[in-house]
Amino acid sequence: MTKNDENKDHANEDILLVRPAGHSDARFLAELQKNIEGESDFLLYGKEERALSTQKVRKQIIEWNQRGHSIIFLAILNGKHVGYLMVIGNEVKRANPRAALLLVIQADAQGKGIAFSLLQKAEEWTISKAISRLELTVSEENIPVRKAFAKIH
């Protein structure tokens with residue numbers, strides 16, 4: 001195999017970045033939420049059922065980052081925002097060890113290990129926050145996701 005062949009092989013590899021959302025990500029996140037809600041039958045909100053604005057999303061990111069009990073992780077595949085994981089914690093003392101998860105990935109980016117990478121980041125973060133109980137609700141009809149989570153369990 002020549003050096004050019006090796007470079008071609010590496011050129012076809014996906015590059016995935018998973019990181020916490022910052023206020024500068026608000027426009028991308030709002031756009032991503034709108035797109036995914038428009039393509040999925042399994043989310044609470046459908047296409048254009050709620051008013052998402054960059055300002056609302058920016059405010060949420062800033063508040064969550066300041067309070068420290070919730071966070072949004074972004075999945076960026078080859079420079080494109082393709083998914084996110086919201087870890088929604090609690091301020092109430094009794095509910096502090098618990099967080100709900102909202103995991104969403106664009107259809108064309110599914111099956112690439114993105115959900116697993118997002119869940120790994122969330123697990124690291126929740127351990128650092130002493131959150132010991134994570135809750136994830138999956139629609140009964142969402143067979144691919146149920147199968148994926150069965151593999152993780």
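Guide: Two strands count as paired when DSSP finds at least two bridges between them. Please keep in mind that this is a predicted model. Within it, Ile72 stands opposite Met86 in strand S3.

Visitor: What makes strand S2 and strand S3 a pair?

Guide: The cut-off is at least two bridges. Strand S2, residues 71-77, and strand S3, residues 80-88, are joined by seven bridges. That meets the cut-off, so the two strands count as paired. Their pairing runs in the antiparallel sense.

Visitor: What is the order of the strands in the open sheet?

Guide: The open sheet has five strands in the order S1-S2-S3-S4-S5, and the pairing is mixed.

Visitor: Why is one side of strand S1 and of strand S5 left without a neighbour in the sheet?

Guide: Strand S1 (16-20) and strand S5 (133-136) stand at the edges and have a single partner strand each, so one side of each has no neighbour in the sheet. From one strand to the next, the twist averages 25 degrees.

Visitor: How many helices and strands does the chain have?

Guide: There are five helices and five strands. Along the sequence they follow the pattern α-β-α-α-β-β-β-α-β-α.

Visitor: Which strands does helix H3 lie across?

Guide: Helix H3, residues 54-67, lies across S2 and S3, and runs at about 120 degrees to S2.

Visitor: How do you know that the reach of H3 is close to the expected one?

Guide: The expected span is 1.5 Å times one less than the number of residues. H3 has 14 residues, for which 20 Å is expected, and its first and last C-alpha are 20 Å apart.

Visitor: What makes the buried residues of H3 line one face of the helix?

Guide: The buried residues are Val57, Ile61 and Trp64. Seen down the axis of H3, they fall within an arc of 70 degrees, so they line one face. Gly68 follows H3 and has a positive phi, near 85 degrees.

Visitor: Which strands does helix H4 lie across?

Guide: Helix H4, residues 114-128, lies across S1, S2, S3, strand S4 (98-105) and S5, running at about 150 degrees to S2. H4 has 15 residues and reaches 22 Å from first C-alpha to last, close to the expected 21 Å.

Visitor: What puts the buried residues of H4 on the same side?

Guide: Those residues are Ile114, Leu118, Leu119, Ala122, Trp125 and Thr126. They cover an arc of only 125 degrees around the axis, which puts them on the same side of H4. The face turned away from that buried side carries the exposed residues Glu124, Ile127 and Ser128.

Visitor: Why does Asp25 count as buried?

Guide: Buried means under 20% relative accessible area. Asp25 has 4% relative accessibility, so it counts as buried. Asp25 is found in the loop between S1 and helix H2 (26-39). Not counting residues up to four places away in sequence, Asp25 touches Arg19, Pro20, Leu74 and His81.

Visitor: Why is Asn78 called partly exposed?

Guide: Partly exposed is the range between buried, under 20%, and exposed, over 50%. Asn78 has a relative accessible area of 45%, so it is partly exposed. Asn78 is found in the loop between S2 and S3. Its phi is positive, about 50 degrees, although Asn78 is not a glycine. Most residues other than glycine have a negative phi.

Visitor: What makes Ala130 count as exposed?

Guide: Exposed means over 50%. Ala130 has 59% relative accessibility, so it counts as exposed. Ala130 is found in the loop between H4 and S5. Phi of Ala130 is positive too, near 60 degrees.

Visitor: What percentage of the residues of the chain count as buried?

Guide: Of the 153 residues, 33% count as buried.

Technical notes. Residues are numbered from 1 along each chain as its sequence is written. This is a predicted model: local features need pLDDT of at least 70, side-chain atom pairs count only at pLDDT 80 or more; totals for chains, interfaces and linings use all residues. Side-chain values use heavy atoms; hydrogens and water are left out. Helices (H or I, at least four residues) and strands (E, at least two) are DSSP runs, numbered from the N terminus. Axes are lines fitted to C-alpha atoms, for helices over the stretch in contact, and angles run from 0 to 180 degrees between N-to-C directions. Contact means heavy atoms within 4.5 Å. Buried means under 20% relative accessible area, exposed over 50%, partly exposed in between (1.4 Å probe, protein chains only). The arc is that of the directions from the helix axis to the C-beta atoms.
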